[in-house]
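Please keep the sequence and the 3D view open while reading.

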Amino acid sequence: MSHAITTARLDLRPFQADDWPWVAEALADNDVARWVPLLPHPYGADDARAFMELQSSPEADALAVTFEGRGIGCITTAQELGYWFAKHAWGKGFATEAAQAVVAQYFETAQTHLQSGYILDNTRSYRVLSKLGFVQTETVERHSALLNQTVTVQRMELSRDSWEAML
């Protein structure tokens, strides 16, 4: 997932070295970080710079989501559909719009299924995934560094057939 995608309102593009400040700011917000269980806590500038370095490598697997030239989030379909958005971008339909674009791109290849999931109580992510046609499969436990406890993640799956039936 290294090439840009443009939607009606968003540009999804490879991360750039100078993206680290807005990434660090967004992920330092506990209201955002609580929904990303594998995120180190506290999340700071060094973590964001390390992420930028990873995203500049051939193994880059995520896209920056920008609105009107400003970074607002991150999305990937590398191992599964995953995303996060800065708190100021919540409630505006950006996650759904970005996810629709990357899911469409994902299913243009020979892929037949896409996995995702959300931490229980994350109603925003549940709504995004449901709108896309994902169905619940199983629950798993993950450790949250921010909460310093185990959280339950609802795993979900979307088949290409279900996706195409929605189009």
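## Trp-20 and its surroundings

Leaving aside its neighbours within four places in sequence, Trp-20 is in contact with Ala-45, Ala-48, Arg-49 and Met-52, where contact means heavy atoms within 4.5 Å. The model is a predicted one, in which local features need pLDDT of at least 70 and side-chain atom pairs count only at pLDDT 80 or more, while totals for chains, interfaces and linings use all residues. Residues are numbered from 1 along each chain as its sequence is written, and side-chain values use heavy atoms, with hydrogens and water left out.

Trp-20 is found in helix H1, which covers residues 20-28; helices (H or I, at least four residues) and strands (E, at least two) are DSSP runs, numbered from the N terminus. With a relative accessible area of 26%, Trp-20 is partly exposed, a class that lies between buried, under 20% relative accessible area, and exposed, over 50% (1.4 Å probe, protein chains only). From C-alpha to C-alpha, Trp-20 and Asp-46 are 8.8 Å apart in space, although 26 residues apart in sequence.

## Helix H1 against helix H3

Two packed helices are described by the angle between their axes and the distance between the axes. For H1 and helix H3 (residues 45-55), the angle is about 125° and the axes are 8 Å apart; axes are lines fitted to C-alpha atoms, for helices over the stretch in contact, and angles run from 0 to 180 degrees between N-to-C directions. H1 is therefore oblique to H3, given that angles under 35 degrees count as roughly parallel, over 145 as roughly antiparallel, 65 to 115 as roughly perpendicular and the rest as oblique.

On the H1 side, Trp-20, Val-23 and Ala-24 meet Ala-45, Ala-48, Arg-49, Phe-51 and Met-52 of H3. By class, this contact of H1 with H3 has seven nonpolar, no polar and one charged residues, where Ala, Val, Leu, Ile, Met, Phe, Trp, Tyr, Cys and Pro count as nonpolar, Asp, Glu, Lys and Arg as charged, and the others, Gly among them, as polar. Within H1, the residues Trp-22, Val-23, Ala-24, Ala-26 and Leu-27 are buried, and the buried residues of this helix pack against helix H2 (30-33), H3, E3, E4 and E5.

## Helix H4 against helix H5

H4 and H5 pack at an angle of about 40°, with their axes 10 Å apart, and these two helices are therefore oblique to each other. H4 passes H5 in a right-handed crossing. In H4, the residues Ala-95, Thr-96, Ala-99, Gln-100 and Val-103 meet Val-128, Lys-131 and Leu-132 in H5, and the residues of this contact divide into five nonpolar, two polar and one charged.

Thr-96, at 11% relative accessibility, counts as buried. Apart from neighbours within four places in sequence, Thr-96 is in contact with Val-128, Lys-131 and Leu-132.

## Backbone details in the loops

Most residues other than glycine have a negative phi, and most peptide bonds are trans. A cis peptide bond, with omega of about -5°, joins His-41 and Pro-42, and Pro-42 lies in the loop between H2 and H3.

Asp-121, although not a glycine, has a positive phi of about 85°; Asp-121 is found in the loop between E6 and H5 and, at 68% relative accessibility, counts as exposed. Asn-148, which is not a glycine either, has a positive phi of about 50°. Asn-148 has its place in the loop between strand E7 (135-144) and E8, and is exposed, with a relative accessible area of 61%.

Terms used
A crossing is left-handed if the near helix is turned anticlockwise from the far one by less than a right angle, and right-handed if clockwise.
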